[in-house]
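Work through the exercises below with the sequence and the 3D structure open beside you. Try each task before reading its solution.

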Amino acid sequence: MKVLKLLLLPYMGAVIAAAFLWPEPAKGFIGESSRIVFFHVPCAWASTLAFLVAAVYSAGYLWKRNPWFDDVAAAAVRIGLLYGILTLITGSLFANIMWGSWWNWDPRESSYLLLVFLYAAYLFLRSAVEDPERRPRIAAAYALFAAVLMPFLVFVAPRVTASLHPQTVINPQGKILMDTPTRAVFFGAMAGFSGLFLWMLSIDARAARLRRTARNLHRD
Amino acid sequence: MSVLTRVWAVCAKDATQELRRRVAIVAVFFFAATALTLVSFAIGPFRLPADDRPALQAALLWIILFFAAATGLPRAFVAEEEAGTALALRKTVPATLVLAGKSLFNLVLFLAIAAVTIPGFLVLLDWKIGNAAAIAATMLAGGYGLAVVSTFLSALVARAGQRNVLFVLIAFPLVLPLLLTAIAATIEATGGAFPTTPLRVLVAYDGAATGAAYMLAEVAWED
């Protein structure tokens with residue numbers, strides 16, 4: 001695991017370099033703006049992955065009532081919030097280049113704004129419940145409830161209404177509309193951002209466990 | 001006692017309680033009337049361009065309905081904590097049936113708000129409904145989803161701090177897909193079409209919310 005963590009930095013460096021140097025800019029996009037797909041989509045993926053991790057570990061907490069699962073779920077939401085904000089920032093940069101304004105209330109970009117609100121709501125709910133015994137249970141229930149409704153937010157609502165957003169990787173034709181170099185860098189970036197997310201999650205969750213242990217010792 | 005009888009008993013209890021005190025119920029309808037008056041005074045039916053009218057009226061209608069409902073729907077479990085009856089209810093009725101009964105009451109409340117607001121819209125904003133059956137179906141499907149989600153979230157915030165602000169913050173991201181789809185359905189119904197796709201999405205959302213609320217009811221209502 002330590003070797004993988006050490007390799008992550010040079011790997012991400014290679015992905016970033018390749019994103020700017022290897023594939024040609026895609027047709028139908030202004031200038032070099034299509035290169036943002038190597039950062040924007042992996043951030044969106046990491047943000048969604050964070051939510052799935054939070055849901056799974058919330059379910060795990062409700063099943064086993066092991067505080068470690070709550071630590072991981074809360075850490076996943078915190079990091080998901082960060083990646084969600086990065087998704088919005090990179091999306092806004094692209095929107096300004098392509099459509100001349102930072103924000104268009106496009107359904108797809110709005111759905112990620114709401115995902116960020118969802119993460120913030122989870123963290124606010126946790127801070128509002130003062131009882132340390134009830135807090136993980138209430139937070140877990142909210143995370144699972146939101147996980148069931150999230151597909152409507154991220155996948156269904158943007159497809160019910162018309163969107164400016166370019167066709168996604170998951171598209172109705174079921175085809176990946178990328179040439180080989182673009183595909184290689186894109187999936188490389190997806191793997192790199194996923195690895196980065198897991199590493200950050202591990203650090204944050206372990207820090208949360210240490211804080212919890214310190215609080216319990218102080219109480220005793 | 002059968003399941004349906006117990007669900008109805010919880011619903012009837014909430015209705016009796018709210019009608020007896022009246023403050024909360026009156027506040028909900030007063031909010032809807034005030035918002036409607038403000039909107040119709042500020043905008044009126046003739047300042048809206050004809051092409052944009054269906055979309056704007058649909059959006060305004062659901063904004064008024066949602067915020068009017070948001071003043072009353074969160075009270076489902078909060079009222080039990082305030083009255084000190086939560087423990088008695090917890091010990092006598094299973095959590096899933098309490099949730100069902102309170103959701104039923106909240107659905108009735110939402111439909112009552114809609115029954116007051118829609119005639120106001122017809123008169124004050126000159127709203128022309130193309131397909132009344134579609135509007136009714138949208139109100140039912142949208143109201144049901146709103147009632148279930150609000151009731152469940154009310155159980156989560158019942159014993160938390162800053163309940164009113166907390167409820168709106170945690171409910172907004174979850175009900176927005178429902179509201180967006182309900183607005184899309186209302187726009188189509190105003191034009192005379194039957195909004196098949198948005199209604200299918202609403203029914204799917206309602207089903208998902210019901211299933212999730214049923215599975216998590218015990219956890220939310222646990223002591």
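**Exercise 1: The make-up of chain A**

Chain A holds six helices and zero strands, where helices (H or I, at least four residues) and strands (E, at least two) are DSSP runs numbered from the N terminus. The model is predicted, so local features need pLDDT of at least 70 and side-chain atom pairs count only at pLDDT 80 or more, while totals for chains, interfaces and linings use all residues. Residues are numbered from 1 along each chain as its sequence is written, and chains are lettered from A and ligands numbered from 1 in the order in which they are written.

Step 1. A residue is buried if 20 or more other C-beta atoms lie within 10 Å of its own, exposed if 12 or fewer, and partly exposed in between, with C-beta atoms placed from the backbone.

**Exercise 2: The core**

Task: find which residues of the largest nonpolar core touch the most other members.

Step 1. A nonpolar core is a set of buried Ala, Val, Leu, Ile, Met, Phe, Trp, Tyr and Cys residues joined through C-beta atoms within 7 Å.
Step 2. The largest such core has 132 residues, and those touching the most other members are A:Ala50, A:Ala54, A:Ala73, A:Ala76, A:Leu125, A:Tyr142 and A:Ala143. H2(A) gives the most to this core, 15 residues.
Step 3. Take A:Ala54 as a case: leaving aside residues up to four places away in sequence, A:Ala54 touches A:Ala73, A:Ala76, A:Val77, A:Gly80 and A:Ala143. Two residues are in contact if their C-beta atoms lie within 7 Å.

**Exercise 3: Where the chains meet**

Task: describe the contact between chain A and chain B from the side of chain A.

Step 1. Chain A brings 25 residues to the contact and chain B brings 27 residues.
Step 2. On the chain A side, helix H4 (107-128) and helix H5 (135-160) each supply at least two residues. The largest share, 14 residues, is from H5(A).
Step 3. Sort the residues of this side by type: 22 are nonpolar, one is polar and two are charged. Here Ala, Val, Leu, Ile, Met, Phe, Trp, Tyr, Cys and Pro count as nonpolar, Asp, Glu, Lys and Arg as charged, and the others, Gly among them, as polar.

**Exercise 4: One helix of chain B**

Task: decide where the buried residues of H1(B) lie around its axis.

Step 1. Helix H1 (residues 3-21) of chain B has 19 residues and reaches 28 Å from its first C-alpha to its last, close to the 27 Å expected at 1.5 Å a residue; the expected span is 1.5 Å times one less than the number of residues.
Step 2. B:Val7, B:Val10 and B:Asp14 are buried in H1(B). Seen down the axis, the buried residues fall within an arc of 60°, so they line one face of the helix. The arc is that of the directions from the helix axis to the C-beta atoms.
Step 3. The face turned away from the buried side carries the exposed residues B:Leu4, B:Thr5, B:Thr16, B:Leu19 and B:Arg20. The cover over the buried residues of H1(B) includes H6 of chain B.
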